[in-house]
Amino acid sequence: MRYYLLLPLIVFWACSPSNETKRSAKPDKPNIVLIFADDMGYGDLSSYGHPNNRSPRLDQMAREGAKLTGFYVAAPVCSPSRAALLTGRYPVRCGMPGNVGPDSPGGLPASEITLAEALKEQGYKTAAFGKWHLGARTGFFPTDNGFDEYFGILYSNDMEPPYIQTERPLHLYRDTLPTDEYPVDQTTLTERYTEEAIRFIKESKDQPFFLYLPHAMPHLPVSTSSNFSAQSFGGRYGDVIETIDWSAGAILDALKAEGLEENTIFIFTSDNGPWNNLPPRMYNSEAVEKWDTGSAGPFRGSKASTWEGGHRVPAIMRWPGQIPAGQMRPELITSMDLYPTLLSLAGASLASDRSYDGRDIWPLLTEEGGSPHEYFYYFWIRELQGVRDQQWKLILKPLEGGGEVVPQLYHLGRDPYERFDVSADNPKIVERLLGQMRTFAGELEGAKLPEGF
């Protein structure tokens, strides 16, 4: 072997600064932009494998930061997923195990400490623009939960006739009051939320801020404005995905224009998998067509299921100078991890009077550690239906075709698509994971396993 050929590489390595040297000094209180799409599936972005949808700005952010391929939300439906994101706790633990609607009397309990409330204690200015879905009555608004201002819809964009019958149809709110706009023009919601976000960034640039943008789209019925319609190879749904991509890019451009890019951690993800199992009520209007839904990519299942396609979603995190670029991280990470991670970056500590399920993932994002989780639990409302560790997933479901609930075991390392049940070959692993589920369900008040377990 000609060892002298290695000499230039050795010299280059020795003279190159380390990752730590390249990394700029970390701001004490970084700005935070958190975009939460509604029902966007794992496979809906081009960087996550979609053959038709174009998402160049989010793809760019993935290249410039960390693309997370093992990222899970705590619930496969809207309200509990959002509650877990903003509290760092499983929905059963934080009092929001299922969806709330326009006629629901309550919402996220006042005893919960939201991310916005905790960041305000650290001097952050806070705002939420988009779909709230954590309560639509006095005492449960975003401005009751730590946000200085709010503009958006209080629940999902289908929660009005002809899709459901309610005495409180969809309105657009400013803080705690409905605007005069009725019916809501959903075609321009994404653009208007983006305008509000950019305004907030410009007005808040002299102090740390937390911008939460939970989009109303691509939850059905999907729509976008004439600026984006009929532009995508992916049809109307693709137009909506590309509108959201434009929105992320416009916000990033605003951060750059204000000189805030290197002082801002930018996060993009979704609340659950795509809504592919539509109930009949959703076809009560010509506004919904059967192909107006997203893709779970290679994964089994979709929204409202505890298969991977319901819980595993796209996630991108970008912070120039802090999060090394070009990462693809398959480790187990959850939306609940954002709570302790962001609070730690802001110099705050977790409250000592409650249990948290999220963990600080900053070491993983900076390539200095792995997943902080031993287990992740799959809930459907209060029912604990599954658990996974770093490789194995046990799920309690009927077999194909129905029947009684049985344990099914999948090796997510070799079979992330959940095609091959190997429970018969691994009884000890089944026993171990089932025991873990029983233990965890016993620790959470109100949690339960399927009947018979």
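Tutor: Let's start with the largest pocket, which in this predicted model has a volume of about 210 Å³. Its lining is made up of 14 residues, and those that lie nearest the centre are D357, R359, H373, Y375 and Y377.

The structure holds one cavity of 30 Å³ or more, and the largest cavity contains about 50 Å³ of space. You can find the largest cavity by looking for its lining: A74, A75, P76, V77, P80, P91, P97, F379, W380 and I381. Here the lining divides into ten nonpolar residues, with no polar and no charged ones. If you wonder how such spaces are found, rolling a probe the size of a water molecule over the atoms shows where empty space is left.

From gaps we can turn to packing. Two packed helices are described by the angle between their axes and the distance between the axes. Take helix α6, residues 189-204, and helix α7, residues 235-257: their axes come within 10 Å and cross at roughly 10°. Angles under 35 degrees count as roughly parallel, so α6 and α7 are roughly parallel to each other. On the α6 side, the contact is made by T190, E191, T194, A197, I198 and I201. Helix α7 contributes T243, I244, W246, S247, A250, I251, A254 and L255. Taken together, the residues of this contact are nine nonpolar, four polar and one charged.

Helix α7 also turns up in another place. In helix α3, which spans residues 56-64, the residues L58, D59, Q60, M61 and A62 are buried. Among the elements covering them are α7 and the strands β2 (66-68), β9 (264-270), β10 (315-318) and β11 (327-329).

A348 sits in the loop between α9 (338-345) and α10 (362-365). Its relative accessible area is 16%, and buried means under 20%, so A348 is buried. Leaving aside residues up to four places away in sequence, A348 touches Q122 and L343. As for A66, it is 282 residues apart from A348 along the chain, and the C-alpha atoms of the two are separated by 24 Å.

Note on methods: Residues are numbered from 1 along each chain as its sequence is written. This is a predicted model: local features need pLDDT of at least 70, side-chain atom pairs count only at pLDDT 80 or more; totals for chains, interfaces and linings use all residues. Side-chain values use heavy atoms; hydrogens and water are left out. On a 1 Å grid over the protein atoms alone, a cavity is a set of points where a 1.4 Å probe fits but cannot get out, and a pocket is an open set with protein on both sides within 12 Å along at least five of seven lines; lining residues have an atom within 4 Å of a point. Grid points are joined across faces, edges and corners, and a volume is the space filled by probe spheres set on the points. Axes are lines fitted to C-alpha atoms, for helices over the stretch in contact, and angles run from 0 to 180 degrees between N-to-C directions. Helices (H or I, at least four residues) and strands (E, at least two) are DSSP runs, numbered from the N terminus. Angles under 35 degrees count as roughly parallel, over 145 as roughly antiparallel, 65 to 115 as roughly perpendicular and the rest as oblique. Contact means heavy atoms within 4.5 Å. Ala, Val, Leu, Ile, Met, Phe, Trp, Tyr, Cys and Pro count as nonpolar, Asp, Glu, Lys and Arg as charged, and the others, Gly among them, as polar. Buried means under 20% relative accessible area, exposed over 50%, partly exposed in between (1.4 Å probe, protein chains only).
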